[in-house]
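Thank you for making time for this. I would like to walk through one structure, slowly, and begin with how it is divided.

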Amino acid sequence: MRMHPRDPDVVVLGGGLAGGLIALALARLRPELRLLVIEKAGHFGGNHVWSCFESDVAPENAWLVEPLIAARWDGYDVHFPGHARTLDTGYWSLTSAKLDAALRSTLPPEALLTGADVRSTSRAMVTLVDGQAIRAGAVIDARGAATLPGMAGGWQTFLGQTLQLSAPHGLTRPVVMDARVAQIDGYRFVYCLPFGPTELFVEDTYYADAPTLDLPALRGRIADYAAAQGWEIEAVLHEEVGVLPVIAGGDFAAFWPANDAEPARAGARAALVHPLTSYSLPDAVRFALHLAALPDLSGAALAKASRAYAERRWRERGLYRLLTRMLFGAAAPAERRRVLERFYTLPAALIERFYAARSTRADALRILSGRPPVPVLAAIASLSGRGRPLADLGKAA
Ligand SMILES: Cc1cc2nc3c(=O)[nH]c(=O)nc-3n(C[C@H](O)[C@H](O)[C@H](O)COP(=O)(O)OP(=O)(O)OC[C@H]3O[C@@H](n4cnc5c(N)ncnc54)[C@H](O)[C@@H]3O)c2cc1C
């Protein structure tokens, strides 16, 4: 099919984290391109707070996320039964509202289509549910992870609430893990982001075997945690829920078969996530800038390049899948906390590289050696035996 001069050069499906960053990167670095971002919801970015460590983003890439940062801190704390630690790695929180605003102030209105549900797509054509067909030079599918066929693992489940307190909470930096809480459903910790003197985001998180959430119970546990800290809740300002896959193993070719029809993918849809934390922000930044630097942005070239990029990341990340198996396969649910507690005794730079998915071989040895609380051989042996299929994310709740 011949393209019309007004047809977009690149169509991004899904204006979430990955799609939004790709659009912002292309707008800045490839201003000659005609872009179109198609988003199902009425606004871009969903309803999220996305956080990351400052060390997750290379200094030369920070310009891309800078406009999305709603809060930043110079360090963070972790608490375990045996020890507590303050790390001086910066911590950033980005919001959906800022992503929406950045897209609207950077791209022309005709490049942004909201309330548009994609029904089907190829490398050069997108069809919306209302029947509209859009031709494109290239299509990038960034509609989130609807499914993870061929992959196995467990789940990170959480409920987060932004609390308005009646008096200052006294926290000056995030508490990324407070694991001194009762261990229920696997590894459990509470996560706190102090957005203001009396405004605090508190999340109750589980590394669990099942993708289920008992919301009333979690709300009660957040209230109990707040009470135990001496915080009086005046109002719950916002609530968010997550059921994220934690990847212990899998078959990349089954997840993303090589074929000549499928468009490029990005974000969680390309499995560009950290296997153990399920966070995708560091990858989304790197991939957006990788893509914007590609010489050939035709649909076929982009599809090939995105699959090759994701497959490389998959191959490099065996360490993190092994650690996931250590958590889910070899460690009894009540023992999972000890794996993390020991990890947090390691050097700060190693921890930074771990979260950025940039661990070196020496880091891997360090993480796995010494006296790990979970036998490594048992974890390796658990490769085939444990981990549940992650194919039905859409049905997880
Ligand atoms: C509550 C929550 C909190 C999280 N917190 C963090 C965090 O702090 N740090 C971090 O790194 N990761 C976090 N994650 C994990 C992960 O990074 C996010 O899920 C991230 O948003 C994934 O990015 P994405 O672009 O792949 O998908 P999304 O950001 O989900 O974007 C997909 C977009 O596609 C749109 N879409 C879907 N179907 C269609 C369709 N048919 N037509 C058109 N548009 C469509 C959606 O509406 C959505 O806007 C969190 C996840 C959740 C659920």
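Which domains does the domain assignment of the protein give? The assignment, whose bounds come from an automatic or database domain assignment, gives domain 1 as 2-72 + 91-149 + 249-316, domain 2 as 151-248 and domain 3 as 318-396. Please keep in mind that this is a predicted model, in which local features need pLDDT of at least 70 and side-chain atom pairs count only at pLDDT 80 or more, while totals for chains, interfaces and linings use all residues. Residues are numbered from 1 along each chain as its sequence is written, and side-chain values use heavy atoms, with hydrogens and water left out.

Let me turn to the place where domain 1 meets domain 3. The contact, meaning heavy atoms within 4.5 Å, takes 18 residues from domain 1 and 16 residues from domain 3. The area buried between these two domains is about 1600 Å², and carbon and sulfur atoms give 61% of that; buried area here is the accessible area (1.4 Å probe) that two parts lose on being put together, summed over both. On the domain 1 side, H274, L276 and R286 lose the most area to domain 3, together 32% of what that side buries.

How many residue pairs are in polar contact between domain 1 and domain 3? The count is four, with both residues at pLDDT 80 or more, where a polar contact is a pair of N or O atoms within 3.5 Å, one able to donate a hydrogen and the other to accept it, and residues adjacent in sequence count only if both atoms are side-chain atoms. The elements that give two or more residues to the side of domain 1 touching domain 3 are α6 (281-292) and α7 (299-316), and α7 gives the most, with three residues. Helices (H or I, at least four residues) and strands (E, at least two) are DSSP runs, numbered from the N terminus.

Next comes helix α1, residues 17-29, where ten of the 13 residues are buried, that is, under 20% relative accessible area, with exposed over 50% and partly exposed in between (1.4 Å probe, protein chains only). Among the buried residues of α1 are L17, G20 and L26.

Finally, two single residues. T95, in strand β7 (residues 91-95), counts as buried because its relative accessible area is 18%, and T95 touches H48, W50, L68 and A70, leaving aside residues up to four places away in sequence. G137, in the loop between β11 (133-135) and β12 (138-141), is partly exposed at 25%.
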